[in-house]
Amino acid sequence: MQAILKIEGLSKHFQLHDQNKLIPSCANVDMAVYSGALSALVGPTGAGKSSVLKCVYRTYLPSAGRMLFRDAAGHVTDLAQASEYRMLELRQSEIGFVTQFLHCLPRKSALDVVAAPLVARGDILENAQEKARELLRLLNVPERLWAVPPATFSGGEKQRVNLARGLIARPRLLLLDEPTASLDPATTDRVVDLLKVIKAEGVAMLAIFHHPELVRRLADRVVELAPPVAVTDLLENCAS
Amino acid sequence: MKKILEVRGLSKIHGQGCAHCYESTGPEMDTNLCPHCGSVVAAHGVSFELHAGEILGIMGESGSGKSTVVKTLFFDDAPSAGEAVFFDGEQQRSLFALNAAEQRWLRNHRFGMVYQNPHLGLNFNVSAGGNIAERLLMSDLTHYGQIRERASMLLARTEVLPERMDESPKQFSGGMQQRVQIAKALATQPPLLFLDEVTTGLDLSVQARILDLILEIQQELRTAMIVVTHDLGVIRLLAGRTLVMKYGRVIESGLTDQILEDPQHAYTQRLVASAL
Amino acid sequence: MNPGYELPQDEAGYSFGFLDEFAKREIRRTLLKAISIPGYQTPYASREMPMGRGFGTGGLQLTLSLIGPGDTLKVIDQGADDSVNAVNLRHFVELTCPGVDTTERTHEATLIQSRHRIPERALTEQQVLVLQVPYPDPLVIVEPSEARRKVMHGEGDYSRLLTKLYEDIVQFDEITISHRYPTRINGHYVIDPSPIPRYDVPRLHQSRALVLLGAGREKKIYAVPPYTDAMPLVFDDVPFRIEDFRDGQGHRRACSRCGATDSFLDEMIADDGSKTWQCSDSDYCNETLATRTAQIEVTA
């Protein structure tokens, strides 16, 4: 089976100019993600799990390595080298990212926030809203909240809105960064069921879970990230 | 996505200029004032492209040259060097090679500008509706009834009460004045809109609503926009891609979330770190 | 001016027409340019005249540069030949232009200098009308900088002027300009046609006579050449209207002196507050009155 995403030798470190420091984040990550399967990243805090996800989404610029993404048409793009426009295109149609935090406009209702990715893609508003309703219901978001801007929501409510928004467009590759961190067990179960359905539909997932239990329930592959390399070693490497 | 604008090597010197202006200014020199001739290098070697329907952010502090870029593109100011090509349907127009009448035509028919200071974008001697009428008249619509109708539609869209359309914008709040400016800029449904610090100086709640409006309009009309601001929050909400400018140079560019979360240049890191 | 007073021509050495030949030549050249570019405000070196600026010095300089022996001049002020301004200007020309005839009859004149009216009787190709202009630039109300106004004229950009009209309609339901109605000449330049009433504006359009406009204080000359389009600035759906001389019953008012119902009327208010209307064009009034008297005599 062909991987939808193949990561080879991915490293990320931050160069802080003012402090004249190199902060390593993840180093020499090799892994693959397959359609219809979930790869979970595990490792101690600070092992750079989130950095891998952000590098794939290009919120971080990778310092080294390749990230070969095979798109729907079969073309392979190295996400580390892809142009900004190519990344925007992929984000709109193929790669989705569900984070722990929700950034959205202060005035938009929860329903419109969830429907937004479909609207941005050019779908008709009514259809997009219909799908958004479906997802919000599935994720147990009370109907009285749908017309309210999510800024005032509780952490768990926000997270569910965020999940719904990430899932609605059915990206081919879904990046999940602790999507259930602040959810109660019942809702977590719903999310797990939903992710299983989506996975069965053929969506590839790369995920970080805060709880090993979730890894056990959802992951098809587990990738263990090594703790970061010491700063001094890196500096020496850079100097040479 | 179709390219709508391509800017190459745009430069602007205020003052007589000399042979050393470019090499003696910029972020490395920590100034935009040429020590040899005293000219101000407001922008140098600015290059970027803009696609249809895209929002590009230009971020920087005052004096970084970010406003200069949009002012030259909107023909408020003539550049000292550089080229800008506007892709208008099948036609390509080299902006700085056009004569004054052609430039005015583009301004009136294809471009829109919203200034930080409403006094620059609005005529305070005529009513809110009259301001929009002026822009429609510039684009050769001379039917009074149609002008009224379009103006009241535009004001309704930008959430200005239509019953206030015959009042002077003098009597409006800052936020309302910006809405009238936006309505005026949109009157001719331009494919390209310049926004120069449009929410600076407004209350936070008013700011948020103006930004909302801008995004809604962008989604409805697929208007390409260049948003100039020093406010990282505005950039985060509006722009897909961002240029960071300092002392007239583009020092960094990239996807907006990457610029904000993984800035590469020392200056950008400081800028992001100092944001509230 | 005292009619018995004569200019001491010999001692002062005034040339024919008061202006020196160089001045006349410059004005004639400016005129040629103004006629070649219909509606364009051509700058010229306005001369000092022996009267205050604002008393028709621009018109007078045009008249003096154009007039020659054999010409017949008519001077009117608001349609009347006998008002102080008209009488004095006419007398000045009589004094400084020996051999020139003057008249009060429109059809006899070859050259007509007028303040704020176009004669009722249609002018002919053999006649030249000179209008006195206080403010030549219609854009001055919307743009204070002359440099920018010149660019606006050059590009034919009159949107701000139209915006002013838009505001008028919004406020008063109609365009309230009564005089100096902005008028587009030959499809490009918009002129201030001098303070003629709206009633006279359509008569600039395709006029058989050459119309020259002179602003002495502002040092500008412009022209509406014969058979040239002169269209008042309007909206597509708000037609241009001329003054309405109907009474409360909707009947066209008649001149109380000659009975004409087809002329521009001046409103006169008597001491007791009652109003009467009379022709503004005195020659037209006299003519109509004479015809009517003749008819009455014939009938009698």
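Me: In what sense do strands E1 and E4 of chain B pair, and over how many bridges?
Reply: This is a predicted model. In it, strand E1 (residues 3-14) of chain B pairs with strand E4 (residues 81-88) of chain B in the antiparallel sense, over five bridges.

Me: What stands opposite B:Ser11?
Reply: B:Ala81, which belongs to E4(B).

Me: Which strands form the sheet, and in what order?
Reply: Four strands of chain B form an open sheet, in the order E2-E1-E4-E5, with antiparallel pairing.

Me: Why is one side of E2 and of E5 left without a neighbour there?
Reply: Strand E2 (40-51) and strand E5 (91-94) of chain B stand at the edges and have a single partner strand each, so one side of each has no neighbour in the sheet.

Me: By how much are neighbouring strands turned against each other?
Reply: By 15° on average, direction ignored.

Me: Switching to chains B and C. How many residues are in contact?
Reply: 17 residues of chain B are in contact with 15 residues of chain C.

Me: Which element of chain B gives the most to that side?
Reply: H4(B), with six residues. Helix H2 (100-109), helix H4 (128-138) and helix H5 (144-157) of chain B are the elements that give two or more residues to the side touching chain C.

Me: And what classes are the residues on that side of chain B?
Reply: Eight are nonpolar, six polar and three charged.

How values were computed:
Residues are numbered from 1 along each chain as its sequence is written. Chains are lettered from A and ligands numbered from 1 in the order in which they are written. This is a predicted model: local features need pLDDT of at least 70, side-chain atom pairs count only at pLDDT 80 or more; totals for chains, interfaces and linings use all residues. Two strands pair if DSSP finds at least two bridges between them. Axes are lines fitted to C-alpha atoms, for helices over the stretch in contact, and angles run from 0 to 180 degrees between N-to-C directions. Two residues are in contact if their C-beta atoms, placed from the backbone, lie within 7 Å. Ala, Val, Leu, Ile, Met, Phe, Trp, Tyr, Cys and Pro count as nonpolar, Asp, Glu, Lys and Arg as charged, and the others, Gly among them, as polar.
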